[in-house]
Amino acid sequence: ALSLFAEAVASSEVDAAAFNAAMNACVAVQKWAMALHLFEKMEDYKVEINKYVLATCMRAYGEATLWYVAIAKLAEQLSSRTSGIEADDVLFGVLITQCGKATEWRLALELFQEMKQRSVPQAEG
């Protein structure tokens, strides 16, 4: 995935899906810092962040035991008038999962309550 990403960057055909695939590959092999570096580089390439890229970014922070930064990233994107990202079950699900892994159960429950307050539809199943 990373070699394909490097080719995409070299040919100037990099998009959010390419960044997300490369970031997911990094997270899968516990290279969280690299995943987060790629997230930060998106702005340099003028690639718009979407909810899937943001979810991967939050997962990387969570896996690196920086779940509180993941929460801040979501808050930052939701409060940005230009991001176009809205709260949904994917984003909250990532945060709740990462808080659970960090044994931050109270916070996970608070996030679940916030989902309800924001009327975020919950996934079926």
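**Polar contacts, salt bridges and aromatic pairs**

A polar atom of the side chain of Ser-79 lies 3.1 Å from the backbone oxygen of Glu-76, a polar contact being a pair of N or O atoms within 3.5 Å in which, within protein, one must be able to donate a hydrogen and the other to accept it, with residues adjacent in sequence counting only if both atoms are side-chain atoms. Ser-79 lies in helix H5, where helices (H or I, at least four residues) are DSSP runs numbered from the N terminus, and Ser-79 counts as exposed at 55% relative accessibility; buried means under 20% relative accessible area, exposed over 50% and partly exposed in between (1.4 Å probe, protein chains only). The model is predicted, so that local features need pLDDT of at least 70 and side-chain atom pairs count only at pLDDT 80 or more, while totals for chains, interfaces and linings use all residues. Residues are numbered from 1 along each chain as its sequence is written, and side-chain values use heavy atoms, with hydrogens and water left out.

Side chains of opposite charge can pair when their charged atoms come close. The structure holds six salt bridges, each defined as a side-chain nitrogen of Lys or Arg within 4 Å of a carboxyl oxygen of Asp or Glu. One of them joins Asp-88 to Lys-51, with the closest N and O atoms 2.5 Å apart. This pair links distant parts of the chain, since Asp-88 is in the loop between H5 and H6 and Lys-51 is in helix H4, 37 residues apart. Asp-88 is buried, with a relative accessible area of 11%, whereas Lys-51 is partly exposed at 25%. The side chain of Asp-88 also reaches the backbone nitrogen of Val-90 at 3.2 Å. Another salt bridge is formed by Glu-114 and Arg-118 (2.9 Å, N to O), and salt bridges that share partners join Glu-40, Lys-73 and Glu-76 into one network.

The structure also holds two aromatic pairs, for which the rings of Phe, Tyr and Trp (its six-membered ring) must have centres within 6.5 Å, planes under 30 degrees apart counting as stacked, over 60 as edge-to-face and the rest as tilted. The rings of Phe-19 and Tyr-45 have centres 6.0 Å apart and planes at 55°, so this pair is tilted. Phe-19 in helix H2 and Tyr-45 in the loop between helix H3 and helix H4 are 26 residues apart. Phe-19 counts as buried at 0% relative accessibility, while Tyr-45 is partly exposed at 40%. The rings of Trp-67 and Tyr-68 have centres 5.5 Å apart and planes at 85°, so that pair is edge-to-face.

Technical notes
Helix = DSSP H or I, 4+ residues; strand = E, 2+ residues; numbered from the N terminus.
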